[in-house]
Amino acid sequence: MRVLSLLAGTIIVSHLASVPVVIGLRQKPLSGAHPWTSGQDELEQWIRSQDTYSRARILSNIAPFANDPSAMPGAVCASPSRSHPDYYYAWTRDSALVMNELLSWMEHNSSMSGLQRTVEDYVSFTRHLQGLKGLKYGLAEAKFHMDGRPFTKSWCNGQTDGPAIRGYTLTRYARYLMQRGRDVEHLYGLITTDLDYVSEVWMQNWHCDIWEESRGLHFYTLMAQRRALTEGARLARRLGDSAAASAYEREVGLMDRRLGDFWDERAGHVMTTLEWSGGLGSKLSQLDAQVLLASLHSSMDDGVYTVESREMLSTALRLLRVFEPLYPVNQVLSAEINRAVVPVGVALGRYPEDVYNGVGTSRGNPWSLVTSALAEFHYRLAIEYAKRGSVRASDELLELIQWTRRRYRGQVEFKGLLRYLLGVGDLYMARVYLHTARDHTMYEQWDRHSGYGQGAIHLTWSYAAHTAASRARSQLVDLIASEV
Ligand SMILES: *[C@@H]1O[C@H](CO)[C@@H](O)[C@H](O)[C@H]1NC(C)=O
């Protein structure tokens with residue numbers, strides 16, 4: 001397949017056999033922008049070794065722990081850091097995202113089926129949490145102590161993406177077991193407990209967002225809830241529970257209509273919060289990388305805010321434009337890796353008005369997991385095009401490519417769009433490489449000036465974002481190889 005080729009100064013896009021569209025490139029490259037002439041192999045080696053390290057770190061952040069016998073098996077700590085900042089808690093969201101990652105490994109590699117014990121621990125821990133009484137926010141409690149006790153101090157609590165992500169994670173695990181002829185009775189009650197709760201509360205506007213700062217109706221949260229109820233309804237049908245299935249499907253219909261309201265045509269991006277009802281009110285731009293995470297974590301195969309949708313392409317470009325000038329580290333255009341010089345992409349943070357520095361408040365920084373997510377976004381975009389065998393040259397796609405050409409001067413060696421997007425994803429992987437310690441230690445953030453790791457050390461989610469991006473990259477590399 002050769003859907004798009006880049007020639008000097010021109011992008012030619014052809015929809016397979018149809019008439020090519022020719023678009024001139026207006027973006028001038030940044031001075032010092034570096035082409036991908038070498039170094040991709042070196043970067044790939046780093047991605048692999050970082051992947052191996054990340055997997056081990058993720059597993060070592062899941063109890064049981066030798067150094068803390070009180071931690072309940074299956075509890076995932078957000079980070080082992082217990083002070084400045086104290087992240088040694090089991091967040092419902094982070095834990096479920098990590099279990100989802102483990103399920104991906106198990107589905108892709110049968111020799112990893114031993115991880116099932118860890119997932120079963122998580123199932124037991126979930127049963128314990130769901131059974132706790134007297135919690136103010138019940139299933140939407142944001143986090144728990146690692147020994148399973150409720151967290152009772154003041155917090156931006158009531159995070160309803162948690163039960164939704166846990167719901168679709170357990171549903172995914174149920175599918176995994178059913179494919180192997182195993183019983184899922186012990187899961188179904190846990191799943192419907194979460195999904196019934198989501199059905200009841202999703203339309204209210206008190207939910208705290210994933211950054212734990214503002215209340216309202218959030219795009220990320222709603223996308224997670226929609227996926228949970230959609231996949232939960234399918235499971236319920238398979239198990240003959242048509243009453244639950246119909247109830248969930250009805251809510252999904254309502255959610256679909258609500259989700260449409262988040263797209264702002266004039267701003268050119270998806271709004272992160274509607275019906276703001278409290279908490280941080282300074283996020284005036286409504287431009288937030290959690291929108292990108294929502295698409296990566298929770299979009300399904302139906303075109304609704306999927307990575308290739310014009311809404312997501314356009315939002316990704318707006319994020320790049322706003323973050324590039326915001327962080328001094330983004331003036332760096334290349335990195336050296338095993339003596340090869342590779343171009344690096346933009347480091348992304350959470351949202352432009354961010355003031356959280358990882359410990360307290362001053363000025364926000366770029367985030368490791370968000371920048372890895374940007375890499376994954378480009379890989380998955382290319383995977384989607386490869387699966388379809390064609391690409392519609394939308395204005396949003398061309399704008400994104402044009403903008404990227406400032407940093408990534410692809411020459412004629414690029415055989416097509418898939419290769420180009422692989423290279424673009426690699427820009428962001430190289431960015432993560434640049435700010436990751438040489439012993440592979442990841443943090444939550446990178447100082448916007450010095451580029452050094454900052455905030456929670458060994459943040460589980462930073463590693464999980466890398467392994468997810470790395471998996472998407474391998475899939476894309478295989479697809480490109482099979483196209484030749
Ligand atoms: C599958 O997992 C095993 C055990 O962790 C590992 O040794 C092997 O390299 C993996 N295979 C692939 C193709 O990733």
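The model is predicted. Its largest nonpolar core holds 137 residues, and this core draws at least three residues from each of domain 1 (1-60 + 307-484) and domain 2 (72-300). The count of aromatic pairs comes to 16.

**Nonpolar cores**

- Within the largest nonpolar core, the residues that touch the most other members are L43, F219, F262, Y305, F377 and Y385.
- This core has members in both domains, with at least three residues from domain 1 (1-60 + 307-484) and at least three from domain 2 (72-300).
- As general background, nonpolar side chains in soluble globular proteins tend to be buried together.

**Aromatic rings and charges over them**

- Among the 16 aromatic pairs is that of Y408 and Y420, which counts as stacked because the ring centres are 4.6 Å apart and the planes lie at 5°, where the limits are centres within 6.5 Å and planes under 30 degrees apart.
- Y408 lies in the loop between helix 11 (395-404) and helix 12 (417-435), whereas Y420 belongs to helix 12, so the pair ties together parts that are twelve residues apart in sequence.
- Y408 and Y420 are both buried.
- Elsewhere, Y87, Y89, W91, F151 and W155 are linked by ring pairs into a cluster.
- Two arginines lie over the faces of tyrosine rings: R82 is placed over Y88, at 3.8 Å from the ring centre, and R227 is placed over Y168, at 3.9 Å from the ring centre.

- Strand 13 (residues 443-446) pairs with strand 14 (residues 453-457) in the antiparallel sense, and the pairing runs over three bridges.
- W446 stands opposite G453, which is in strand 14.
- Six residues sit between the two strands of this hairpin, in which G451 takes a positive phi near 85°.

- Helix 2 (residues 92-108) has 17 residues and reaches 25 Å from its first C-alpha to its last, which is close to the 24 Å expected at 1.5 Å a residue.
- Helix 2 is mostly covered, since 15 of its 17 residues are buried.

Terms used:
Residues are numbered from 1 along each chain as its sequence is written. This is a predicted model: local features need pLDDT of at least 70, side-chain atom pairs count only at pLDDT 80 or more; totals for chains, interfaces and linings use all residues. Side-chain values use heavy atoms; hydrogens and water are left out. Rings of Phe, Tyr and Trp (its six-membered ring) pair if their centres lie within 6.5 Å; planes under 30 degrees apart count as stacked, over 60 as edge-to-face and the rest as tilted. Helices (H or I, at least four residues) and strands (E, at least two) are DSSP runs, numbered from the N terminus. Buried means under 20% relative accessible area, exposed over 50%, partly exposed in between (1.4 Å probe, protein chains only). A charge sits over a ring if NZ of Lys or CZ of Arg is within 6 Å of the ring centre and within 35 degrees of the ring normal. A nonpolar core is a set of buried Ala, Val, Leu, Ile, Met, Phe, Trp, Tyr and Cys residues joined through side-chain atoms within 4.5 Å. Domain bounds come from an automatic or database domain assignment. Two strands pair if DSSP finds at least two bridges between them. The expected span of a helix is 1.5 Å times one less than its number of residues.
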